[in-house]
Amino acid sequence: MNIQMGSIGGGGRYDDLTGLFGVPNIPGVGISFGVDRIYDVMEELKLFPETIYVGTRVLFFNLGEEESKTAFQLMQQLRNNNIACELYHETAKFDKQFKYADKKNIPYAIIIGNKELEEKTCNIKNLKTGTQISVLQEKLHEIDWLKS
């Protein structure tokens, strides 16, 4: 497989670099690696085992300012119950947020729109099976399958 990536490391000889710090005439050498680039190459080559992605279990969709405020409060409740979750970082279309969850192997999405704000409910979607249920926001932390 051919990866289109620039260099992942660099280095060289640095004559009198220490002179900048008041110690002249001492040569040096150095190297560095681009961790971000190495990660990107490893991800593209699928070198990470699937079991490494056991972080976030629930992604709260970000559908607007009021919706995200409610999502943030619910997210704190889940975190207090040891359920790893996150709120999508910006308001975006559903498709973009679903793709993000898929890429990070997040098994559940919680969606809170205008209707759910009014009814104080939220929709939980199992992203593996497509099953979706609606629950009262106050009961969210009691849903067992979010925990396992």
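Good morning, colleagues. Please keep in mind that the model is predicted.

I begin with the sheet. It is open and has 5 strands, in the order S4-S3-S5-S6-S7, and its pairing is mixed. Two strands form the edges, namely S4, residues 85–87, and S7, residues 132–136, and each of them pairs on one side only. From one strand to the next, the twist averages 25 degrees.

Let us look at one end of this order. Strand S3, residues 58–60, runs parallel to S4, and 3 bridges join the two. Val58 has Cys85 in S4 as its bridge partner.

I turn now to the helices. Helix H2, which covers residues 65–80, lies across S3, S4 and strand S5 (108–111), and it runs at about 165 degrees to S4. Helix H3, residues 94–103, also packs on the sheet; H3 touches S3, S4, S5 and strand S6 (121–126), and its direction makes about 160 degrees with that of S3.

Next, the cysteines. How many disulfides does the structure hold? The number is 0. Cys85, already mentioned as the bridge partner of Val58, is in no disulfide, and the nearest cysteine sulfur, which belongs to Cys122, is 12 Å away. Cys122 is likewise in no disulfide, with the sulfur of Cys85 as the nearest one, at 12 Å. Is Cys85 buried or exposed? Cys85 is buried, because its relative accessible area is 5% and the limit for burial is under 20%. Cys122 is buried as well, at 0%.

Finally, the aromatic rings. The count comes to 4 aromatic pairs. In one of them, the ring centres of Phe61 and Phe98 are 4.8 Å apart and the planes stand at 70 degrees, so this pair is edge-to-face. Phe61 belongs to the loop between S3 and H2, whereas Phe98 sits in helix H3, so the pair ties together parts that lie 37 residues apart in sequence. Phe61 is buried, with a relative accessible area of 1%, while Phe98, at 27%, counts as partly exposed.

Tyr88 and Tyr100 form another edge-to-face pair, with 5.1 Å from centre to centre and 80 degrees between the planes. Tyr88 is in the loop between S4 and H3 and Tyr100 is in helix H3, so parts 12 residues apart in sequence are tied together. Tyr88 is buried at 4%, and Tyr100 is partly exposed at 22%.

Thank you for your attention.

Key. Residues numbered from 1 in each chain as written. Predicted model: local features only at pLDDT ≥ 70, side-chain atom pairs only at ≥ 80, totals over all residues. Heavy atoms only, no water. Pairing = 2+ DSSP bridges. Helix = DSSP H or I, 4+ residues; strand = E, 2+ residues; numbered from the N terminus. Axes fitted to C-alpha atoms, helices over the stretch in contact; angles between N-to-C directions. Contact = heavy atoms within 4.5 Å. Disulfide = S-S within 2.5 Å. Buried < 20%, exposed > 50% of the residue type's maximum accessible area, 1.4 Å probe, protein only. Phe/Tyr/Trp six-rings, centres within 6.5 Å; stacked < 30°, edge-to-face > 60°.
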